[in-house]
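Keep the viewer up and follow the points in order.

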Amino acid sequence: MGAAALPLGTSSKFSAAGTPPQRSFERTEPDLILYNGNVWTVDSRNPRAQAVAISGGRFVAVGSSDDVLHLASGRTRKVDLEQKTMLPGFIDAHTHPAESGRLHLRQVDCDLRSIAKIQAALRERAAKTPPGQWVLGFKYDDTKTSDGRRLTLQDLDAAVPDHPVLVTHRGGHEAFANSAALKVAKVDQATPDPTGGQFEHDAADHLTGRINERAIEPFNKVIPSGYTRDDFREGVKLIAKMMTRTGITSVGDALGTPEDLQAYQDARDGGDLLFRVYCFIHSSWIDRMIAAGVRTGFGDEWVRVGGMKQVADGAISGRTARLSQPYVGHPNDYGTFSATEEELYDYGRRAYAAGWQLGTHANGDVAIDRVLNVYERIYREIPRKDPRFRIEHCTLINDSIIQRMRALNVIPTPFSTYVYYHGEKMQYYGEERLKHMFALRTFLDAGLRPTQSSDYPPGEFPPMMALQSEVTRTDMNGHVWGANQRISVEEAIYVGTMNGAYASYEENLKGSIEPGKLADLVVLGRDPFKEDPATLVTIPVERTMVGGKWVYES
Ligand SMILES: [Zn+2]
C-alpha cells in the first residue's frame, strides 16, 4: 500500500553487488546533476556517494562524480556541491503543520519568558481587536516563564478585561481562560467537569481559568474559526516555508481535518506546498471518510491520506500523561486518560476493518498498555498483513510494552527534541524514569522502527536539533537525561529518513538517496558525522530540495 511503481521503466533492483548503480540508467537524460558532494545516502547497499543525477523529480543515478557527470547531456544543469554534505530529506512523522501555520498567521505567539511579557503581548493584540472578539494565544509554556507558576484568571483579566481570551499551552492539552471567555463558553463555578476533562478550581472552589483536555471543547465550540479557505492555504504556505528551511521534506500531519486536507491540496494547486504530507484524520471524521470510500494511502506522493488518529491520554509537556507512578512532587497526580478502552476499540476496529492504519496518541505507560490492548484485540479479530499500527509518542515504556510492540511490530513516534528543548520539564518525571522515556535505544535494539517526530507546536522541529537531542540526551542547560537511550548519528539519520518513510508505507518511494526514489534531499553546511555532538544543532541547512526542485536556498 502506498508504494508507487518505480518510474522511467527501470528496475530498482539494479544493484547486484559491485555494479555501479548508474549503469542501468545510461539512456536517461538527467535534468540536473549534483556533483562533488559528500553524500550519505542511507542506502545500505551504497552508503556513500559523490553525485546524483535527477530526472522528472526522481533520482536516476547515484555514484561517483566522474560516473554521474558522464550521464550529462547538453541540457543537463550541473551544480557543484563543493564537498558539502548531502542527506535524504528529513521526514517529521508526527507534527501539526496546517494547524500551526494558521496559529502563526492569526494568534499571539506566547512563547515568552515571563507572565508580564505574555500579558503585554495579549494587551497589544486586544487593542487591535474589536470588543467582544476573541484574543487567542498559543505556545504558552509555564515551565519557560521566570514566574515559577501558571497563568491565572486574574493575570488574564488584568491584561485583557474586555475581550474573551484563551491561551493554549504548548503541550496542547490545557488552556487558560479569562472571565469574559468563561462567560461566553457558559462555564461557571457550578459547571460539572466533563468526562476526560477538568475546569480547575482553587482551594476556595473558585475557577482558576485553567481547563484541560475535554473541558476545552465548550470553548472551541464558541470560538468562531474565522479562517477562510484562503487562510487555511496561507497557513500551509507559511509553515511549509518554516519547516523546509530546516531540512524537512515530508511531514505527517498527526491530526488532520477535512479542511486541513483541503488546505494541503489548495496549497499544492497554488504551488505553495513545499513539502509532502501524510495526513492523519481524526476519528470524529472517520465515518464520513469511510462512507466516501477513502482509506489510508489514498492520494499521491504529495498529499496522501494517512491513518486514523485517536488520543488515549494527556501530554508530556503539560504533565497530563497517564503514568503508573505519580509525577515527582505530586504524589496523587498520575495524569489523565482522554478516552476509554471501549472508545478506542470501537473507532479503531471500524477504521481498521475499512483499511485504515491506526495511530493512537499515548504517552504514559498505562495509556500505552491500553492502546496495546486495543491493537491486540483488533488484530486477533481481523488479522491483516502489515498493519503498521502506530503509537503516537509512545513516551514511557517498560519491558512488557516492548515485548508486546515487537509481537505486533508497532511503530513508535517518540518526541525527538524534548530532551534537548524541554529539559526543564524532565524533573517532573525524574532521572530514573527518563531511562525509559523517548526510548530510541530500546526501540532500535528491539528491532522496532521509531521515527523522528517533533509534534510542533509542542516540540521544536529542526532535524538538527532532533539529532543532537537523540545522540546526546542532553538538554540546553547541559543536564543529561537517560544516557542509556543515546543512539549514534548514523542511527538518528536513519530514524529521521527511512523510518519516517516506513511509517507511512512509503519506504520504496523516499527515505534514502537511491535511483528511482523521489529527489528529496538536504545540503548541510557541515558534516554531522564529523561534528561534535554537542553542536549538531548549529549545523546550517544550506539548501533543501523536494521532487528535484530547490524549495529553500540560504
Ligand atoms: Zn501531536
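1. Let's start with a pair of strands. Strand β12 (residues 174-177) is joined to β14 by three bridges, and the two run antiparallel. Within that pairing, A175 has I211 of β14 as its bridge partner. Strands here are DSSP runs of E with at least two residues, helices are runs of H or I with at least four residues, and both are numbered from the N terminus. Two strands count as paired if DSSP finds at least two bridges between them.

2. Before going on, a word on what you are looking at. This is a predicted model, in which local features need pLDDT of at least 70 and side-chain atom pairs count only at pLDDT 80 or more, while totals for chains, interfaces and linings use all residues. Residues are numbered from 1 along each chain as its sequence is written, and side-chain values use heavy atoms, with hydrogens and water left out.

3. Back to β14, which has another partner to look at. Strand β13 (residues 197-201) runs antiparallel to β14 (residues 207-213), with four bridges between them. F199 is bridged to I211 in β14, and H201 is bridged to L207. The two strands make a hairpin with five residues between them, and D205 in the turn has a positive phi of about 70°. How much of β14 is buried? Seven of its seven residues are, so to speak, under cover. Buried means under 20% relative accessible area, exposed means over 50%, and partly exposed is in between (1.4 Å probe, protein chains only).

4. Now find the open sheet. Six strands form it in the order β3-β2-β7-β21-β22-β23, with mixed pairing. At the edges stand β3 (48-49) and β23 (549-553), each with a single partner strand, so one side of each has no neighbour in the sheet. Strand β22 (residues 541-546) runs antiparallel to β23 and is joined to it by four bridges. Look there for T544, which stands opposite Y552 in β23.

5. The nonpolar packing deserves a look as well. The largest nonpolar core has 61 residues, of which Y264, L273, F275, W356, Y375 and I391 touch the most other members. Helix α11 (residues 365-381) gives the largest share of this core, seven residues. A second, separate core holds 20 residues, including V42, V471, I493 and V541. A nonpolar core is a set of buried Ala, Val, Leu, Ile, Met, Phe, Trp, Tyr and Cys residues joined through side-chain atoms within 4.5 Å.

6. Most residues other than glycine have a negative phi, and most peptide bonds are trans. The peptide bond from Y456 to P457 is cis, with omega near 10°, and P457 is in the loop between α15 (440-445) and α16 (463-472). N36, although not a glycine, has a positive phi of about 60°. N36 is in the loop between β1 (32-35) and β2 (38-40) and is partly exposed, with a relative accessible area of 23%. V42 is not a glycine either, and has a positive phi of about 65°. V42 lies in the loop between β2 and β3 and is buried, at 10%.

7. Finally, the chain as a whole. It comes to 18 helices and 23 strands. The radius of gyration is 24 Å, close to the 24 Å that the globule rule gives for 554 residues, so the chain is as compact as a globular protein of that length. That radius is taken over C-alpha atoms, and the rule is 2.2 Å times the number of residues to the power 0.38. Buried residues make up 59% of the 554 residues.
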